[in-house]
Amino acid sequence: MKVICIDDHDVDGFKVELTPGKIYDVRYHHKNREEAWAIKNDAGIQRWYYNDVLMPLEKWRDKRLNEILE
């Protein structure tokens with residue numbers, strides 16, 4: 001599974017080690033109350049990130065196509 005970075009600041013406003021628009025390979029996926037993915041960030045460290053900074057690539061593509069078609 002692949003995810004794309006949609007923001008380089010988390011919900012609390014802290015900067016994360018991710019690049020907006022960059023696609024990352026998911027190492028682990030956990031679906032609880034919200035989506036969570038373990039990926040290697042730009043510093044090479046594996047961490048968990050949530051849907052405030054990442055979005056599944058397929059969902060992002062669908063969203064972009066819908067915006068174009070509107």
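## Strands and their pairing

Two strands count as paired if DSSP finds at least two bridges between them. In this predicted model, strand β1 (residues 2-5) and β2 meet that condition, because 3 bridges join them. The two strands run antiparallel.

In general, strands of a sheet pair through backbone hydrogen bonds, and the pairing is either parallel or antiparallel.

## The sheet of β2, β1 and β6

An open sheet is formed by 3 strands in the order β2-β1-β6, with antiparallel pairing. The edges are taken by β2 (23-25) and β6 (54-56); each has a single partner strand, so one side of each has no neighbour in the sheet. On average, neighbouring strands of this sheet are turned by 40 degrees against each other, direction ignored.

Helix α1 (residues 57-69) packs on the sheet and touches β1, β2 and β6. The direction of the helix makes about 85 degrees with that of β6.

## Cys-5 in strand β1

Cys-5 lies in strand β1. Is this residue, Cys-5, buried or exposed? Its relative accessibility is 3%, and the cut-off for buried is under 20%, so Cys-5 counts as buried.

Apart from neighbours within four places in sequence, Cys-5 is in contact with several residues, including Leu-18, Pro-20, Tyr-24, Val-53 and Leu-54. Glu-58 is 53 residues away from Cys-5 in sequence, and the C-alpha atoms of the two are 13 Å apart in space.

## Strands β3, β4 and β5

Strand β4 (residues 35-40) pairs with β3 and with β5. To strand β3 (residues 28-31) it is joined by 4 bridges, and these two strands run antiparallel. Lys-31 has Glu-35 in β4 as its bridge partner. To strand β5 (residues 46-50), β4 is joined by 5 bridges, again antiparallel. Here Lys-40 stands opposite Gln-46 in β5.

The hairpin of β4 and β5 has 5 residues between the strands, and Gly-44 takes a positive phi near 85 degrees there. Strand β4 is mostly covered, with 5 of its 6 residues buried.

## The largest pocket

How much space lies in the largest pocket? The value is about 210 Å³. Its lining includes Asp-10, Asp-12, Lys-15 and Glu-17, as well as Arg-47, Trp-48, Tyr-49 and Tyr-50. By class, the lining residues divide into 6 nonpolar and 6 charged, with no polar ones.

Terms used
Residues numbered from 1 in each chain as written. Predicted model: local features only at pLDDT ≥ 70, side-chain atom pairs only at ≥ 80, totals over all residues. Heavy atoms only, no water. 1 Å grid on protein atoms, 1.4 Å probe; cavity = no way out; pocket = protein on both sides within 12 Å on 5 of 7 lines; lining within 4 Å. Points joined across faces, edges and corners; volume = space filled by probe spheres on them. Nonpolar A, V, L, I, M, F, W, Y, C, P; charged D, E, K, R; others polar. Buried < 20%, exposed > 50% of the residue type's maximum accessible area, 1.4 Å probe, protein only. Axes fitted to C-alpha atoms, helices over the stretch in contact; angles between N-to-C directions. Contact = heavy atoms within 4.5 Å.
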